[in-house]
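Trainee: Could we go through this model together? I'd like to look at a few spots on its surface.

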Amino acid sequence: WLKAHHPAEFMAATLTSEMSDSSRIVTLIVECRRMGLAILPPDVNRSEWRFSIEDGAIRVGLGAVRNVGQGAIEGLLAARAGEGAGPFRDLFAVARRADSRTLNRRVLESLVAAGACDALGEERGRMSAGAGRVLEQAAALHRDRERGQSSLFGDEGQDDALLTVPELPPAPAWTARERSAKEKEVLGFYFSEHPLQPLRRELERLATHAVSDLAQQPHGTEVRIGGVLGELRGINTRSGKLMAAAMLEDLTGRIECTLFPDLYEQVRPWLVEDEIVVISGRVEIREDRGARLVLTEVRRLDDARAVWSPTLHIEVAAENLSVGWLEEVDEVLSAHPGDSEVYLHLLLPNRERK
């Protein structure tokens, strides 16, 4: 009833309750988007600790950002809400106004990586490179004020608009892939752009199922799925061989995968986290933990394209072949362009094929 009549509030509360489980967060965000609910990024000027509602959309809470403890979040919220304080204007304002006992370099870099500082007007790579500098200069300003001295950056009582903001150092801008990877590192999920999004249509052609389909599949169902690997770890068996467990994520969710020793030995030299792969395996349904996959094959995307790309085969008996028939086939194929190869098989009277 709550989900039907108060969807944003219900999903925000559910996301907050699952904040420590990134796999569950991925599933819930997919469900939010299916329901038509917009998900807004974390923001030092707008986010609360929890997931909150903003103009009908759901804003990611600062509590979802790894390495940012409750004390740091409370300090940011207090600085933002103080009388006459208002929103932070730039990264230096965050460093200067937040509680220096809880806002350290790791916290600030994590906020930048999560996209929580995007509204401050600088590119993430530059803010990350300058995090240490602005914290040092904010600390120097605090020391000067404690001694009652003026500072190069402004005097006691000046507001953000009158302070001279230290310039951030030059640094290369993060690529879309770097932004996504760093978001995954600090949020546990990809936010601004999933690395699979540009490959969505191709992976749909190569795959037989999506991760979200697997919980409804019978035990033992054979599937093929395209996704990105995460959280790969080796496991020693009783016999001393090495197997592995990994998380596979597509655009619909995540699932745990098992690679037994023979398969893991084959793919181990190149198998790394964040690798885009296409896997084959069978579904195992466990009462205690739901569905998982036992893998039988793992291929890099380029290899999967060569092996599993769909092809179209058209067969025609020689006596039925005509210019008109070929023109009709050409018209149909030309109206539906794509990447698949098409093979025409000509069956001769002696049953030979060309």
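Mentor: Let's start with Gly56, which sits in the loop between strand 2 (52-54) and strand 3 (57-59); strands here are DSSP runs of E, at least two residues, and helices are runs of H or I, at least four, numbered from the N terminus. Keep in mind that this is a predicted model, where local features need pLDDT of at least 70, side-chain atom pairs count only at pLDDT 80 or more, and totals for chains, interfaces and linings use all residues. Residues are numbered from 1 along each chain as its sequence is written, and side-chain values use heavy atoms, with hydrogens and water left out.

Trainee: Is Gly56 buried, partly exposed or exposed?

Mentor: Buried means under 20% relative accessible area, exposed over 50%, and partly exposed in between (1.4 Å probe, protein chains only). Gly56 has a relative accessible area of 46%, so the label is partly exposed.

Trainee: Leaving aside neighbours within four places in sequence, which residues is Gly56 in contact with?

Mentor: Contact means heavy atoms within 4.5 Å. With neighbours within four places in sequence set aside, the partners of Gly56 are Ala8 and Leu37.

Trainee: How far apart in space are Gly56 and Ala38, C-alpha to C-alpha?

Mentor: Along the sequence, Gly56 and Ala38 are 18 residues apart. In space, C-alpha to C-alpha, the distance between Gly56 and Ala38 is 7.9 Å.

Trainee: Is Glu328 buried or exposed?

Mentor: Glu328 belongs to helix 12 (residues 323-335). Its relative accessibility is 55%, so Glu328 counts as exposed.

Trainee: And where is Leu312?

Mentor: Leu312 counts as partly exposed because its relative accessibility is 38%. Its place is in strand 9 (residues 312-317).
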